[in-house]
Amino acid sequence: MRKFYLFLPTLAALALGCSDDKTNELPPPSEGPALTVKIVSVERTKVSFELTTDEAVDYAYVILPSDQQAPASAEALFAGGAKTGMFDRTTVTIDDRSVSGNNTYTLYAAARTINPFVYSQVATASVDTHFDYTEAITLDAVTLNSFTYHIKPESEGEYRHICCRKSDYDWLVAYLGINPAMYVGTFGFRSDAEQSFSFEDAFVDESDNPVRIYSGTEYLIIYGMSDPDNSYKVLSAETLLFSTVKADEAPYGIGIKVENITSLAADVTITPEEGIERYRMMTATTADYDGYWIEGESVVRGAIIGDPSDHSQEYTETKTMCVAGLKPDTEYTVGVVGFDKENREKVVFYKFSTTQPTGPAPTIAIDPQPVDEPWREVSLNVKVQHALNMWVCLETMAKYDQVLDQPGFSGTLGDIIHNNGIQLTPEQLQKALTEGILCQSDELSPYTEYMYGFYAVNEELVTTTETYVFRTEAAPTVDLRMQLVGDYEAAITDLDGQPHTFRVTVSDGPNEALKTQYELKNQLVMLGFEPCGIAYRSPQELLDNGWAATDEEANANYGPKIILEVKQDNTVATGAVNPSTSELDYCMADFNGSRLHFQGYTTTETGRVISSPVSFPIEVSDDRNTLTIKPYVNDSYQGLFTYFPGVYKGNSPWYGGTDLFRGGTEMVLTRVPEPNAPAGGVKCRPVGSFSLPSRVSVDLSDSSSDESPRMRMMRSYAVHTNR
């Protein structure tokens with residue numbers, strides 16, 4: 001145990017101290033305390049060392065590049081901004097992260113006693129961070145707001161790499177179920193050379209959106225060699241998780257005062273103590289702050305700091321700001337991050353609540369209108385009062401429920417409508433405030449439950465949400481539908497030029513419940529798709545084998561199957577819209593570990609094969625004996641793409657699966673007289689969706705709301721995977 005002594009002057013000593021006799025002066029200080037330095041380990045971004053003393057109370061050290069001038073003395077080391085600490089035992093071990101790879105440094109350290117200060121000699125040690133690159137990913141340097149990493153590809157050829165904030169990656173994992181290989185294959189930057197990548201204050205993602213670098217924040221580097229046959233797929237992925245250096249806490253205070261609070265605004269005064277050289281602040285609802293806190297303290301600080309390179313919202317002295325655009329009767333939090341001259345940080349918070357609203361809340365009146373074709377149309381006359389803005393959103397009830405029931409979703413139905421609906425133009429809103437506006441759609445599916453959502457807000461940001469739930473009628477019977485029922489021989493050639501022929505059955509449904517369901521929507525079902533390698537299994541077979549627990553599950557998951565839609569104009573097409581997503585992403589089958597999706601496959605100019613859920617037109621011969629599933633042609637801004645039928649296996653139709661069959665031609669079904677005994681099967685559940693694409697026409701033009709960076713990232717993921 002170390003001993004500490006406190007020397008108190010005696011009365012005699014005090015008396016001597018008051019004497020003018022110079023012979024009573026204190027003797028000069030003795031030789032300073034001993035100090036030794038021992039390097040324990042050295043890495044590219046960290047050096048560990050020990051300081052040992054028998055007498056000293058505290059220490060100071062600095063690590064400088066070897067070509068930089070040394071501190072003049074121990075006193076200068078303590079006074080010159082070096083890192084300091086106290087000895088709580090004879091030897092202290094220190095991990096310092098101020099070094100970077102491929103450099104040489106000198107460690108300077110000193111110690112001292114107190115009462116009076118007596119300094120040791122300056123002890124030194126050399127530090128060399130030159131090491132060969134042996135790993136695929138190496139962190140070369142990291143500071144408060146910058147880092148450098150090095151990629152050494154494991155083989156020749158193209159690789160992909162990317163860095164992202166760990167909390168952003170975790171968000172995509174939670175909502176999309178991706179893994180590192182999927183992420184870097186989709187978002188990663190391409191390269192084929194060994195090199196280093198350095199970033200300060202920020203780096204950009206694949207959409208050129210800036211990702212800020214903050215102190216004490218986790219970032220993830222992902223690397224993988226590209227698949228030679230598909231550059232958007234990596235063969236395997238490696239990761240490196242690291243944190244930027246955590247800033248020390250500044251020993252100065254920051255005052256926050258909120259005055260003149262109304263339902264819509266408040267005056268916020270920030271008063272930094274001397275020592276705080278600059279600060280940034282953010283006022284947001286406490287609910288919004290709580291969302292940041294879920295992801296961690298570093299995310300909260302990052303939200304307050306914003307863009308480190310943008311100093312327009314950075315302040316250096318006491319300032320009063322009028323914060324407007326607040327919501328009535330809502331709790332808000334003011335967050336402030338201050339910095340001193342050594343870039344130490346001080347984070348403080350203050351909460352306040354706005355007052356009750358003074359004006360009337362918006363009201364919305366909905367009046368259904370008659371339509372000619374109620375199996376695919378809806379029309380409503382909508383009037384609103386006391387509204388400054390209004391949004392309209394039409395979607396299936398299943399899709400609304402899917403979002404509301406999503407784990408972790410803390411929003412409301414109004415939030416969904418507001419964030420995903422169409423905002424009325426000033427002209428449309430004026431019409432809604434007077435005579436009413438007609439909201440209608442003629443693109444609905446037969447016998448499907450929908451909900452029209454309306455969200456209005458007034459000048460005080462008081463909101464009102466109203467809904468209209470309805471089910472479209474069953475589609476009128478089309479004679480052509482039952483004329484197509486029968487057994488067929490299917491013929492198609494795959495992308496490799498290999499022909500395939502196999503038997504299928506076009507049925508009005510494999511059991512009575514499905515017959516009724518398909519009849520209500522004028523649908524048929526093609527049973528079996530032998531080239532995918534999964535034999536057909538009926539709903540009853542799923543139940544008998546324990547692959548489905550209920551009749552409802554078996555009726556959804558049997559297959560492989562392809563839904564055929566017979567329309568009122570006697571045209572036929574493949575594809576059934578999943579009511580939970582309003583997209584063509586239904587499963588062909590889902591049982592016994594195989595979840596299949598009917599997809600379209602196309603080859604790009606670069607030879608890359610991509611797939612996407614599409615609806616194929618079907619040509620019917622006059623004698624009803626030949627059905628030709630024609631290619632789907634998409635003339636987009638990216639080019640002209642011709643898709644052919646295929647089968648994709650995976651939990652999602654968009655990413656992370658395997659191609660079981662990639663068609664290269666149209667598929668021809670020729671009727672055969674003998675019955676077919678299909679075989680095969682799989683389980684089908686709706687795939688989750690996190691933003692609701694609006695499908696509504698509102699008299700004039702549509703307008704869409706801004707998307708969050710993460711929603712843009714998720715949509716970008718779908719675009720890049722073409723799934």
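Which residues do ring pairs link into a cluster? Select Phe147, Tyr149, Phe197, Phe199, Phe203, Tyr219 and Phe242, and you have that cluster on screen. Rings of Phe, Tyr and Trp (its six-membered ring) pair if their centres lie within 6.5 Å; planes under 30 degrees apart count as stacked, over 60 as edge-to-face and the rest as tilted.

Before moving on, a word about what you're looking at. This is a predicted model, where local features need pLDDT of at least 70 and side-chain atom pairs count only at pLDDT 80 or more, while totals for chains, interfaces and linings use all residues. Residues are numbered from 1 along each chain as its sequence is written, and side-chain values use heavy atoms, with hydrogens and water left out.

The structure holds 31 aromatic pairs. Helices (H or I, at least four residues) and strands (E, at least two) are DSSP runs, numbered from the N terminus. Phe78 is buried, with a relative accessible area of 13%. Buried means under 20% relative accessible area, exposed over 50%, and partly exposed in between (1.4 Å probe, protein chains only).

Now jump to Trp391 and Tyr455, an edge-to-face pair at 5.8 Å centre to centre and 65° between the planes. Trp391 belongs to strand S27 (residues 389-396) and Tyr455 to strand S30 (residues 449-457), 64 residues apart. Trp391 and Tyr455 are both buried.

**Charges over rings**

Select Arg278 and Phe339: Arg278 lies over the face of Phe339, 4.2 Å from the ring centre. Then try Lys561, which lies over the face of Tyr558 at 4.6 Å from the ring centre. For a charge to sit over a ring, NZ of Lys or CZ of Arg must be within 6 Å of the ring centre and within 35 degrees of the ring normal.

**An enclosed strand**

Next, colour strand S3 (residues 58-65). Why is S3 largely enclosed by the rest of the structure? Six of its eight residues are buried, so that is how it ends up. S3 pairs with strand S4 (residues 83-86) in the antiparallel sense over four bridges; two strands pair if DSSP finds at least two bridges between them. Look for Ala60 opposite Thr84 in S4. Eight bridges join S3 to S6, again antiparallel, and there Val62 stands opposite Tyr108.

**A loop stop**

Go to Ser100, in the loop between strand S5 (91-96) and strand S6 (104-113). Is Ser100 buried or exposed? Ser100 is buried, with a relative accessible area of 19%. Leaving aside neighbours within four places in sequence, Ser100 is in contact (heavy atoms within 4.5 Å) with Arg44, Tyr105, Thr129, Asp140 and Ala141.

**Last stop: an open sheet**

Finally, show S25, S26 and S29: three strands forming an open sheet in the order S25-S26-S29, with antiparallel pairing. Strand S25 (363-368) and strand S29 (437-441) stand at the edges with a single partner strand each, so one side of each is left without a neighbour in the sheet. Neighbouring strands here are turned by 30° against each other on average, direction ignored. Axes are lines fitted to C-alpha atoms, for helices over the stretch in contact, and angles run from 0 to 180 degrees between N-to-C directions.

Six bridges join S25 to strand S26 (residues 378-385), and Asp367 has Asn381 in S26 as its bridge partner.
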